[in-house]
Amino acid sequence: MSAKKPSSRPSVPAAVKNQAAKSVAAGAKPAKPQAKLSPTLTTRVETAPAAVDDATLVEIFSRLRAADPEPRSELEYINPYTLLVAVVLSAQATDKSVNLATAPLFAIADTPEKMLDLGEERVRHFIRTIGLFNTKAKNVIALSRILVERHGGEVPREAEALEVLPGVGTKTASVVLNVAFGVPRIAVDTHIFRVSNRIPLFSATTTDKVQAGLEARVPEPFRLNAHHWLILHGRYTCKARRPECPRCVIADLCRYPSKTLPLTPISTGD
């Protein structure tokens, strides 16, 4: 193998020196030396704890059941159809806002046939105070038409049949199956997703994975009402920004590393 021919170009240090000398000769200011970068600042990240064991899981749900033996959905409905419509409307909206809109709507349209007679424009008028009301009105009319044409006006009891309806996904189908038909499904919304990962009962990166994990882990005696216990716990106690750990009935069982502390009264002296 022949040796490489030495390069006629000056080495990098020599080239830099020559350029600097030319700049000085021309009266230009030499370039300032580049400042060294300071070390990158980092913050301490708490390690996510492992999920609670099976015995602790049973104790957690035993306490939630003792605190609320018969939990109920906060959405107001008349029958499986109105529950389905209410859950569809509740996407990115509060249960309270949905109840305010559906009370007068369900008073005159509590079946898919009556909803179709009402028409999309009038449905839109009833739900105009709810976010995304234009799209939701279209979905309510479309799913009502499918129920009439394919299911005899009845809400199907199969997840597959529900999930193909406009505006209906896994969560909505699970809520309807659980609340209307007593199927032990655990629909995972933002509250349950947070609670499950925070305690943790089951940790995962998506709501579908959390639902599958919870339905596999939660013991059968608690599975029917688990959805309600967890959503109410997340809505009123294990809140997103400041969980109310001091009054939580399962605080001693929860492994969340950043529990809030009780407020200390400020002494005003004698």
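Me: What should I keep in mind about the numbering and the model?
Reply: Residues are numbered from 1 along each chain as its sequence is written, and side-chain values use heavy atoms, with hydrogens and water left out. Because the model is predicted, local features need pLDDT of at least 70 and side-chain atom pairs count only at pLDDT 80 or more, while totals for chains, interfaces and linings use all residues.

Me: Why is the pair D95 and R235 called a salt bridge?
Reply: A salt bridge is a side-chain nitrogen of Lys or Arg within 4 Å of a carboxyl oxygen of Asp or Glu. For D95 and R235 the N to O distance is 3.2 Å, so the pair meets the rule.

Me: How do you know whether D95 is buried or exposed?
Reply: Buried means under 20% relative accessible area, exposed over 50%, and partly exposed in between, with a 1.4 Å probe and protein chains only. D95 has 15%, so D95 is buried, whereas R235, at 21%, counts as partly exposed.

Me: What makes E70 and R72 a salt bridge?
Reply: Their closest N and O atoms are 3.9 Å apart, and both E70 and R72 are exposed. By this rule the count comes to eleven salt bridges, and some that share partners join E59, R63 and D252 into one network.

Me: How do you know how helices α3 and α9 cross?
Reply: The axes of α3 (residues 80-89) and α9 (residues 170-181) come within 10 Å and cross at roughly 145°, where axes are lines fitted to C-alpha atoms, for helices over the stretch in contact, and angles run from 0 to 180 degrees between N-to-C directions.

Me: Why is the link between R185 and S174 called a polar contact?
Reply: A polar contact is a pair of N or O atoms within 3.5 Å; within protein, one must be able to donate a hydrogen and the other to accept it, and residues adjacent in sequence count only if both atoms are side-chain atoms. The side chains of R185 and S174 make such a contact at 3.3 Å, and R185 has its place in the loop between α9 and α10 (190-198).

Terms used
Helices (H or I, at least four residues) and strands (E, at least two) are DSSP runs, numbered from the N terminus.
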